[in-house]
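Welcome, and please open your viewer.

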Amino acid sequence: MRPIGGLTPRFLLLSFCGLPLLGYAQSGAAVRGEVRETGGAAGPLPGAVVRWLLPAGATGPTTATDAAGTFVLPFPAQVSHRIIVSAAGYAADTVAVPAGSTAPYLRVNLRGGAALGEVKVTGRPPAYSAKAVDNMQTISARDLTKSACCNLAESFETNAAVEVSTADAVSGAKQIQLLGLDGAYSLLTIDNQPALRGLSAPYRLGYLAGPWIGSIDIIKGTGSVVNGYEGISGQVNVQLKEPDKTDQLLLNAYVNDLGKFDLNAIASQRFNKKWSNVLLLHNDHLGNRVDRNNDGFLDLPLATQFNGYDKVKYMSGKGLVLELGLGALRETRQGGQLSFREDAPDAYRTAYGTTQATNRYTAQARTSYTWPGRPFQSLGLLVNGTSHDFKSIYSFKQDTGPRVYNGHQNTGQATLLFQSVIQNTMHVYRAGLSFLYDDYREHLGTGRVYSTDTPEIVAARENRARTERVPGAFAEYTYNNSRNLTAVLGLRTDYHNLYGWQVTPRFNLKYDLRPATALRLSAGRGLRVPNPIADNAAMLASAREFYLAPNLLPETAWNLGGSVTQYFQLLGRPATFVADYYHTTFQNQLVADMYTSPQYIILDNLTPGARSYARSAQAEIQAEPAKGLQVKAAYKWLDVQSTYADQLLPKPLTPQHRAFLNLGYASAFDKWRGDFTVQWFGQRPLAHLPADGSNVGHAHGTGTSGLEYAPRYAALNAQLTRAFKRLDVYVGVENLTNYRQPDPIQNAATPFSAGFDAAMVWGPVYGRLTYAGLRYRIE
C-alpha cells in the first residue's frame, strides 16, 4: 500500500473509522430564546449550551448560543418542560418552558459560578479562553493600549507567548518566534484567512497598524485543518476592527524621540441595519538620521509607509452575511551608513547603504449563510488575493557592484466550508474544499561575473521561479458533551502540483478535570514550502554569500503538546495559572547553516538521519491581587537544535531561558492607567563571522563549548495614560535602563570587508526610547 504524504491509506481509514458523514437535525416546533450574562457589563453570552432536562438515560436535542447569544432548541420526543442552560465559568440554570406554547421565547441570565467566577466575561475578560479547545490566548483591544503598538510587531510587548526580535541592524525589520520557531512556522491570519505569507515575511509585522486591530488570538500547537496545512507551531489570528462595532471615528497620533511619527485614522459608517463600512488609514515616517551608538550606521532606517484598508459588511438579518475588504500599501526604506545617499551617482561605491521599496495590494471576501432556525448549520465561502512586489539593493561589494534582491508574488486562495450537526450539537462536523495558487518570481544578483558565465548560466544562478497550484479537501468532527469534554479530529488532503499528495491529520482535546481545571492536548502534522532567501533576508546584510542546495523539499513536522489551566482565587480575587509543553520534530527542514562556513549561509534539506527539533515549556500566572492591579508573570524554557554538518547544535540567536513580568494599574473609571513590563533574556548562541574574514568557522566536534554566547540582559518598558471623555493621552519609555548591544554591526568601520556582519543582533540597537501620543474617539 503506497504511502500518501508519509501516511498509509490504512492509517487514514482507521483515523476516521468512527467519523459519521451525514446526519439529521430535528424539525418541528422549537424553543427560541437568548442567553445573557448578569452584572455591570451584561451582554450576550455566545457558546452557552442549551439542552432538555430529561430522565436518566434519555437523550434529546442540544444546541449552543450563537455570537448574539440566541438559540433555537427543537422539542424532544420525550415529554419535558424544563431546559438546562450552562456555560464554562457560569452557574448553570434550569428554566421552565411555558406549557401549551409551541414556540416560546425565553430570556435566560447566567451568573458567574463560585468556582469559575473569574472566567465571567466583563470589561476585562481573562486572556486564556475557558471555552476554546485550543490553547488560545487573546490580546484584547484594551491590552493593545498598554504599549505604543504602532504596528503588529509592537502588539506583543505585554505578552509572554510570542517573542519579538530585531532581524538585523540595517533594515530595522522585526520577526516573531512561537514555541522557539521563527514566525514562518506559525500561520498568520487576518479575520481568519491566511495572509502576509511568502515573500512578505521579512517585513510583514510592520504591514498592520496597531490601532486597526480589534484583538489578536494566539494559538499554540497545530490548530484546525480548515485554514490549511501550514501552521506548524501555531496560529496568530488578527481580527481587524468590525464596521458595525467600532467607533465612528478614532484618531491616533504617535511621536518618539528618534523623530518617527505615526498617524492613524479609523472611520466607520452604519448606513442602515444591514450595511456598514470601516475605513482604516495609516501613515508613518522617519526622516531623521540617528546614530546613538556612534558606529557610523543609522540605528533605524529612514522609512515612509502609506497604508489603507476598507471593509464593507452586509447583514441581511435572515442569515446572509457578506464582507469585502480592499487594501493597498506603499513603503520605502533606506538604511546603512550616515553618509549614504540613494540619489548620489557614486552611492554604491563610497558608502554602504540599503534601499527597499514595496507595493502591496490585497482583496478579501467572506460570504456566509446560516439556515433560519438552525444556527448550527451554515455555508461559507472565503476568498482572498494578494499582489506583493518589492525591490531591494544592498551596496555591499565595491569590486562587483551592489547585491540586488527583488521579488514578486501573486497569491489567490479560496475555501468553501459547510458546517452542521449530527442529530444534535454534541456532534458537529465541518467539511469543505480549498484551492491555493502561489506564483513567485525572485532575483538575487551579486554583481559577480565569472569568466565561464553565459547569459543562460547567470540567469539560472540569479533567478528563481515557482508556481504552486494546490487543490484540497478537508473534514473535521467535533464532539462536545456540554459538561467536561470536547474533542476535535480533523483531516485534510491536498494535491501539490510540485510535491504530490500531502495529508494533514490533526487532533485537539479539552477535558475539564474539575470545574476550575482544564487539560488540553494537541497533535498534528504541518507542512510549508520554504522561501529560502525571504526566510533568511536578514543575512543579506552581511558579507556571507547564499549557497542554495538544489532540489529543496517542503518542510514537514509533527507537533505534540498540551497545557493545564487552573482558575483560582488569590487574595479573594480571580487568578489564572497556565503551564504548557510542546515538542516539534521535523521530518524535513530547510536548515540555514551559519556554523560550518563563515563565508556562506548554507541552505539545504535536513540530511537523512539528521535531527531537528524544538522543545518549549512555559508557566504563566495572571492575577488581580488588588482592585485595579493586574499582574502577569511567566517563565519560558526553549531547546531548539538542528544538525549542522553532522553535529547537533542549538539554533543561533535563540535564548534558552526567558522571564516576563507585567504590572498594570487602572484607577477608578480608568482615568489613570499605568503599565510596567520587564523582559529578561538568557544567553543565546551566536554565529559570528571571523573579524578578519578568514575561513575559520565553528570548530566541529567541540560541541556547544566551541560556541560564542551573547550575555544575559533585561529590557524594561513603562507607559502612563490619562483618559478624558473622548481623549486619551499617553507617554512611555522603552528600554528604560538604556541597555544596548555593544557592537550590533561587526566591522562597521569597514562595511565592504569580508568580516562585515549586521545580522547577529541579539539586543537593543538604539538604547532608550521615549514617546508620546494621543487617541481621540467619537463612539
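**The whole chain**

Start with a cartoon view: the chain holds four helices and 43 strands, where helices (H or I, at least four residues) and strands (E, at least two) are DSSP runs numbered from the N terminus. This is a predicted model, in which local features need pLDDT of at least 70 and side-chain atom pairs count only at pLDDT 80 or more, while totals for chains, interfaces and linings use all residues. Residues are numbered from 1 along each chain as its sequence is written, and side-chain values use heavy atoms, with hydrogens and water left out.

Next, colour by burial. Of the 779 residues, 55% count as buried; that means under 20% relative accessible area, with exposed over 50% and partly exposed in between (1.4 Å probe, protein chains only). Switch to a surface: the chain exposes about 32,100 Å², and carbon and sulfur atoms supply 59% of that area, computed by the Shrake-Rupley method with a 1.4 Å probe.

**Two loop stops**

Most residues other than glycine have a negative phi. Now select Ala645, in the loop between strand E35 (629–644) and strand E36 (647–650). Its phi is positive, about 50°, although Ala645 is not a glycine. Is this residue buried, partly exposed or exposed? Ala645 counts as partly exposed because its relative accessibility is 45%.

Move on to Asn747, which you will find in the loop between strand E42 (727–734) and strand E43 (769–778). Asn747 also has a positive phi, near 60°, without being a glycine. With 23% relative accessibility, Asn747 counts as partly exposed.
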